Amino acid sequence: MTAVVAEGVRPGWRRPAPLVIRILRMEIRHSTFVWGLPLLVVLFIYDPFRTATAYPDLWPLRATVVLNKFWPDCVPFAAGFAAWAGSREGRRRVFDLLATTARPAWTRQLCSFGGTLAWVLAVFLAGVAAVYVKTATTATWGGPPVWPVLVGAVALTAVCALAFTLGALFPGRFIAPIVAVGIMVVVLEAFRVSVTMSGGPIGVLSPDGGVPPNDSGIFYPVAPDVSIVQVIFFAGATLGAIGLLGLSPRTGGVGWRGALAAASAGGARLRTVATAIFAVGVALAGVGFGLAGTAKGAVISGTEIPFLHGSADRPIPYTPVCGGSASFPVCLHPAYQGYLGQTVKSFDLVMSELVGLPGAPVRAVEVADRALPAVVFGQGGDGVVVGTPPVYEFMMDNALALIPDPVLFADSFEQDVAHAVIVGPIGRMITVPGVGPEFQANPGDPAQQAVLNGLLKAIGSQPFPASGPGRQQAQIVTAAARFAALTATTRHAWLVANLAALKAGHVTLAQVP
């Protein structure tokens with residue numbers, strides 16, 4: 001039999017993709033952004049990725065590098081290459097040649113913009129994926145935060161749209177570096193305002209900000225208020241820049257007068273769309289800026305937007321993970337499970353010296369930083385001994401630095417517990433007229449300082465600085481060395497017999513063995 005072929009249809013023929021899709025593919029294939037990839041990859045490995053892997057294995061903390069490190073690294077590349085792509089037609093002076101094309105100039109330019117944006121977002125998302133995959137291999141609780149990724153993607157889109165429009169409006173050889181440097185200066189200034197908390201809406205709208213405490217998002221969820229406002233603002237900025245691109249006569253548009261005209265041959269619908277997009281963008285940016293102006297500080301969420309603030313202040317339920325001995329258990333939030341062994345070990349030596357003494361804690365429990373009294377933050381410690389029977393309640397924020405140090409990690413716990421048992425409260429908060437609350441330390445009397453520092457020295461921990469007149473400080477250091485030289489059994493027996501008198505201030509330096 002002979003196959004019947006429909007007239008006008010060739011065997012194996014496929015319907016071609018729409019013209020816009022084909023142009024977009026071509027723009028992606030020929031984008032100049034690929035020339036910046038090697039440098040951006042090196043920058044990513046050296047800065048965001050290395051920083052994230054050095055942080056503790058906590059999802060909320062490591063996710064901060066997405067906006068605090070990687071996003072600002074991407075900004076100059078996105079702005080420079082987008083401005084270069086936007087200035088292409090003006091730089092090459094091909095407006096007259098392209099005026100005869102079937103598609104409007106705005107459509108053609110949006111394809112060029114899309115080609116650069118596709119590379120920018122692909123690189124950004126690939127970097128985020130690398131950080132998140134690495135974190136997933138070590139984190140013990142929680143999951144990847146989505147808001148930093150969404151804010152970063154929308155903000156980079158806004159940067160590309162603004163830079164592309166500026167390149168199209170002011171084409172030239174030097175427009176790309178000028179726009180890249182200019183936008184980067186704005187980003188750095190917004191970061192400065194955000195960190196110093198001195199700029200109202202500008203600081204709130206800056207994606208790049210300070211690093212939060214390492215227990216942020218652990219005991220309480222991170223409120224999405226600021227992220228929502230940032231997405232609204234940058235989405236508005238993107239639409240505003242795209243609308244301006246379609247309206248400006250310098251980029252092939254019909255101009256402001258034409259945009260407001262009632263009719264024009266073949267362009268009324270395009271003008272209406274461009275005007276609507278521009279108007280919506282300006283409105284969204286205005287709403288975002290206005291909401292950012294209502295931001296206020298909050299104890300739990302850090303910064304909240306009253307209109308958007310929901311139930312983020314409710315604690316996240318969890319089951320603690322515990323270790324240690326039956327006589328002194330140590331319990332942590334499951335997010336810190338990887339540090340449980342190190343935490344238990346930090347208490348071993350100091351508790352071997354203090355076990356059985358009046359006021360010595362019977363267990364240690366991690367709590368949220370806001371659950372601790374103000375004196376803990378005043379003296380820069382990690383926790384406080386409270387309750388009956390005594391319990392050492394502590395936070396991991398100060399103990400576990402952004403770059404964890406095992407020595408400092410152990411010292412802080414040992415100092416807190418030893419001071420609480422031998423001296424008493426670390427200090428108190430007092431109100432200074434005209435200044436406000438201030439921390440007043442309680443170093444203890446000379447004998448208490450000598451015993452405390454001697455015990456810390458004996459277990460290899462960092463002693464407290466001796467306080468008092470110069471001669472007395474030397475005597476305290478001498479007595480502390482003498483007490484540290486005793487055997488652990490002798491030190492413990494002396495504390496059992498004399499701790500009550502020592503805490504009451506009835507022991508002199510000369511009586512310290």
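Arg428 is exposed, at 51% relative accessibility; here buried means under 20% relative accessible area, exposed over 50%, and partly exposed in between, with a 1.4 Å probe and protein chains only. The model is predicted, so local features need pLDDT of at least 70 and side-chain atom pairs count only at pLDDT 80 or more, while totals for chains, interfaces and linings use all residues. Residues are numbered from 1 along each chain as its sequence is written, and side-chain values use heavy atoms, with hydrogens and water left out.

Arg428 lies in strand 8, residues 427-432. Helices (H or I, at least four residues) and strands (E, at least two) are DSSP runs, numbered from the N terminus. Contact denotes heavy atoms within 4.5 Å. With residues up to four places away in sequence set aside, Arg428 touches Val375, Glu438, Phe439 and Gln440. Asn442 is 14 residues from Arg428 in sequence. The C-alpha atoms of Arg428 and Asn442 are 7.7 Å apart.

The cysteines were examined next. A disulfide is taken as a pair of cysteine sulfur atoms within 2.5 Å. The count by this rule is one. The bond joins Cys322 to Cys331, with an S to S distance of 2.0 Å. The link of Cys322 and Cys331 is right-handed, with 105° about the S-S bond. Cys322 is partly exposed, at 44% relative accessibility. Cys331 is buried, with a relative accessible area of 14%.

Cys74 has its closest cysteine sulfur in Cys160, at 9.5 Å. That distance is too far for a bond. Cys160 is in no disulfide, and its nearest cysteine sulfur is that of Cys74. Cys74 is buried, at 3% relative accessibility. Cys160 is buried as well, with a relative accessible area of 0%.

A nonpolar core is a set of buried Ala, Val, Leu, Ile, Met, Phe, Trp, Tyr and Cys residues joined through side-chain atoms within 4.5 Å. The largest such core has 104 residues. Those with the most contacts inside this core are Phe124, Tyr336, Phe347, Met396 and Leu455. Neighbours within four places in sequence aside, Phe347 is in contact with Phe328, Val330, Ala364, Tyr392, Phe394, Phe413 and Val417. A second core is separate and has eight residues. Among them are Val365, Leu372, Val376 and Ile426.
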